[in-house]
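Thanks for coming, everyone. Let me put the model up on the screen, and then I'll talk you through it piece by piece.

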Amino acid sequence: MNLSEPATELAKKILSKVPWQNRLVASITRQMTGITMIDIYSFEEAVNFLRSCRSDYSLDELLISGSSATINYLDLSALANWVGDVLGDSELSQALREVVGGESENPLLAFREKVKPVLELMEQRLEQCKAKLPEAP
Amino acid sequence: MKGHMGKILRVNLTNKTVKTIDTTQYEEWGGGHGIGSAIFWDLVASQLPISPYDPKNVVTIMTSPLAGTLAPTTGRTEVQGLGPQPYPIEWFTRSNFGGRFAVMLKNAGWDGIVIEGKADKPCWVNIVDDDVDIPDAADLWGLDAWETQEEIWREVSGGKFGKWVETSTGRYTTQRPAVIAISQLGEVQSRIACLMHDAGNGAGQGGFGGVFGAKNLKAVSVIGAKGAIEVADPKALFETWKWALENYRGNIETRKPLASLGSGELLTFGGSPTVGYMGLREKNMRPSGCTGCPKACRAHLGSGIGNEQQCVESVYYGSYVGARYGAITIENDIAADLTGKFAINAYELMKIIPYLQALNAMGVLGKGKPIDTDLSFDMLGTAAFVEELVRKMIKGKDIGLALREGGVRAAKQWGRMEADLKTGLLPYAYWGYPEHGYDPRTEAEWGYGSILGERDINEHDFNSFVFWYPLSFFATGDYPISAKEVAQICSEKLVPYTGDPLMLDYSNEGIYSDHFVKLVAWHRHYTRFWKQSIGFCDWAFADLVNNYAPNNRGMTPDGEVRFFNAVTGKNITFAEGMEIGRRIWNLDNAIWILQGRHRDMVKYSDYIYDVPWAGGIGGPAYPLPMYVNGEWKFANAVGRKIDRAKFEDFKTKFYTLEGWNTSSGWPTRSTLEALNLKHVADQLAAKGKLG
Amino acid sequence: MSEHKKVDRRNFIKGLGTGIIVGAGVTAGATMLVPAPTQTLTETETTSKTITSQTTVTMPTTTTATTTATKTTTTTAPLTFASSKGYIVVDPKKCVGCLSCMAACSLVHEGKVSLSLSRIQVLNNPFERFPEDITQEQCKQCVNPPCVTACPTGALHIDPATGVRVVDKEKCILCLRCFAACRNVPSMMIPNAAGKYMQKCDLCMDTPYWGEKGGVDGKHACEEACPVKAIKFVKEVPEQLDMSGYYVNLRSKRWEELGLGPAED
């Protein structure tokens, strides 16, 4: 889906850091050390997190060569809400909600299935914002 | 003696004297932890409570009778003593490390080392076979743990290696000294300083680095060429080695598992090499194993960065590296190396860093903030950030001064401890230890073992198949083994509590049940004897569910016994070993009671009771085997909290099973005397602390 | 041990100065008995700084030796030797440094486990980069065995049936000439101080503590024990130039697929 170009104000908001109470919390699960919670304070950080998530591994791959096979998770419904409520990007928020759909008994599997299309939309928006504000950090 | 070398080195740093303890005096305790607890009791119990920094604190460094033989994974060293890390009471605690030290110590003719007193100035202990020296450490004090070891290698065995060197006892070896050392952090008596051996074998928890520092002890070095470990039945030992590798592991390059269990299989005996290394994998590398270990969990890299770092060291900082660079980079491994070089508790770093990040984001901690620091948060994700933090701790500058006492005590200094333990912002669940990742609210056996003990247990015996396999199944939708089978396998193997699959029921009712109490008790006794005393490594044993083994059934309880008996000739049964474990567990509890333990203080941090386990927002999964409505399945424990009343009830059940007074949690005289611990009962009675 | 042999050794040692196996507690700085120089002794390395300590490990230092070998039997070494019918080759890039081969070797030959008694030696430096971090060294059963040539008593000889270079314990007087003569670093001649003889890899021909049959037609403890198959017994003579034929690639493609290291050298 093609997102419309964001307004400068929105782009600025999207590229800025959110306060602590508005952070998103994701997780990375690595073998043997349990779950590490990741605090995400910006849209770009969220994109980086999703980029680092490999979602296509098989059970066998979780067996082999440690670091590439991690189980990553971010509540994508929460992400969709956050994009709308905290960052004010209702268009993207709606688009994400449509991709993510409803709740699941197995959130990990659901994440795997949805992360690619979600990332595509997020990256599209990030690119748009950066093009709009090239000097932004 | 078979297995044991027959003598334990007793070093008095105050007088700079060395004596020998006859191992046969303590043989009934098995080895390792059992002997360490028994010696500690004899030397220190009557003086408790004392501070871990008191010269009267004794540190024991013990091997097992199996170390150095062909009993796989047993080349480990158990360290014990009063530890400054636990909170609020500085419990008698333990830590354990692998590498080369245990085997080298036995090759020098020693079963272990007992360290007491305090030197008047920095020193180190130099063991060359029977000859023991306590030289000055002026040239070592101020060096990091790696520099210290390499300097000692030079001092003890000259320049290059790879050739035979002759010891002063007229024996030859090609090996280099095995050294355990502290860094500058231990020198300043930090509660989160470790003992470090080689690049990454650390006695990480407990704060033993700080204890060494308080004793002015920089390092202990051993090189041995004279000792030869006697084996009762060499033929049986070699046969058992072959049996174990063929049936429970197979040829790594040609084998196919019976069922793919995802990453969880890595904690079984059958697991693949380099499993523990979770950093930036390179094409040029090799697996690296401790002496005597066929699993080889670690790696040596072509870059040389990240050698021997594994598990928490190679992941504690990964999320920050990932967040900064979009992927894991070499910064992750440089950060891993920092834990070795500076001999610092990586679990503490793993929880301290996000805590600092949160406080910074909240505006509470930072430049000019209420908790003032010039720590460069914009460098978060670089290894340099970690090094800056550690150097602040070493110098005692800035927030380093508070943080080198560990996260809980730092929070206390900042006036935030109660509040942050209530919300879980400071996720230290038990005895001031950072929560490991296997949360008490979900994986109950881990939490119970930790709170009923004195530290984060770090015992993965059930963890691999109650959590890691199901997590992989959840993540891929692939279920090659069922919860029912997992429970069934355990019910066959958990001697002496066989026949009760409900011991593996992690449902909301299950975790408070009479069945679960037995699981926890089994776990305490098994780990105290078969692992911490006899040396079997946590990353290979217990071998319960093993997908490379016939019928997915690992070699526990037969394997441990076969190896033990082949080496020692003692012909014990698994159950007899468990009884020794129970005896050791009772002795440990007696020591804790003399330190002030009572059931009323056996409580998790508030957040375990008050905050539902959520994972992320909406939460990831913590799938566990559960028996619900007459059916076994792997179900998600998300949203769970521990119920205060039910937990108290569980404690009562546990104390009943152990034969301890349920009002106090103290062992009774009859329990202790039945375990041949009358002298312990008498001592407790004298202090008015008998159950 | 025969009376004749004891007398021989004492006389031999007397002729050279301080002995090495006369007992423990030799003070640091004392000259150690060492035979003619080899590559192990040409480096002038300073020994430990802590000379005052009696617990320093001393490097063998050179000493000029004059022999008074009048009472020892000498054998005339042949100019050519029958080759061994078997060899151990290793993959030092595959080795994981667990030292199980060393434990196994010692166990099957001696019935007890000592790193110093193992006839295969593995060295592990955790601070070094791969592949220099670990070395695996085994006896090469050299086609031209300097140990056999150097031996003054014929203790070191070629087993007629198998070609394996072996030590006759009874004839060994622990002169250490074979130790110095061995071109391998470290020397593959192993001093057995307690037994008072040298020992070396015999391809498991004499393994009283093992239930398996060894030798050139049997099994080999190091190979059997190695958990990653980094050791292999072969019957073909390995390349003798630079001894390169003894260090081989035993890794499969699967090794690399598993993320354990490079399949190719």
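Predicted model: local features only at pLDDT ≥ 70, side-chain atom pairs only at ≥ 80, totals over all residues.

Residues are numbered from 1 along each chain as its sequence is written, and chains are lettered from A and ligands numbered from 1 in the order in which they are written.

Chain A can be quick. There are 5 helices and 3 strands in chain A; helices (H or I, at least four residues) and strands (E, at least two) are DSSP runs, numbered from the N terminus. Reading from the N terminus, the order in chain A is α-β-β-α-β-α-α-α. Of the 137 residues in chain A, 44% are buried, and buried means 20 or more other C-beta atoms within 10 Å of the residue's own, with exposed at 12 or fewer, partly exposed in between, and C-beta atoms placed from the backbone. Among chain A contacts with a separation of 6 or more, 63% are between residues 24 or more positions apart. A contact here means that the C-beta atoms, placed from the backbone, lie within 7 Å.

Now chain B, and its sheets. One is an open sheet of 6 strands, ordered E2-E1-E6-E3-E4-E5, with mixed pairing; strands count as paired if DSSP finds at least two bridges between them. E2 (17-22) and E5 (92-97) of chain B each have a single partner strand, so one side of each has no neighbour in the sheet. From one strand to the next, the twist averages 20°. Helix H1 (residues 32-44) of chain B packs on this sheet, touching E3, E4, E5 and E6 of chain B, and its direction makes about 25° with that of E4(B). For angles, axes are lines fitted to C-alpha atoms, for helices over the stretch in contact, and the angles run from 0 to 180 degrees between N-to-C directions. Inside the sheet, E3(B) and E6(B) pair antiparallel over 4 bridges, with Ile61(B) opposite Ile113(B).

There's another open sheet in chain B, also mixed, with 6 strands in the order E8-E7-E14-E11-E12-E13. The edges there are E8 (131-133) and E13 (201-203) of chain B, and the twist averages 15° from one strand to the next. Helix H3 (residues 145-157) of chain B packs on that sheet and makes about 45° with E14(B).

Next, which residues of helix H17 (residues 483-493) of chain B are buried? They are Ala483(B), Val486(B), Ala487(B), Ile489(B), Cys490(B) and Lys493(B). Looking down the axis of H17(B), they fall within an arc of 160°, so they line one face of the helix; the arc is that of the directions from the helix axis to the C-beta atoms. Their packing partners are H16, E20 and E21 of chain B. E20(B) and E21(B) run antiparallel, joined by 6 bridges, and their hairpin has 2 residues between the strands, with Asn629(B) at a positive phi near 55°.

Compare helix H8 (residues 318-325) of chain B: 6 of its 8 residues are buried.

Then there's an arginine to look at. Arg191(B) sits in the loop between H4 and E12 of chain B, and is buried because 26 other C-beta atoms lie within 10 Å. Beyond its sequence neighbours, the contacts of Arg191(B) include Glu405(B), Gly406(B) and Arg409(B).

On to the core, meaning buried Ala, Val, Leu, Ile, Met, Phe, Trp, Tyr and Cys residues joined through C-beta atoms within 7 Å. The largest nonpolar core has 338 residues, and among those touching the most other members are Leu195(B), Ala343(B) and Cys178(C). Helix H20 (residues 574-594) of chain B gives the largest share, 11 residues.

Last, the interface: 70 residues of chain C are in contact with 76 residues of chain B. H2(C) gives the most to the chain C side, 6 residues. Strand E15 of chain B and E2(C) run antiparallel, joined by 2 bridges, with Ile229(B) opposite Val113(C).

Technical notes:
Contact = placed C-beta atoms within 7 Å. Lists of a residue's contacts leave out its neighbours within four places in sequence.
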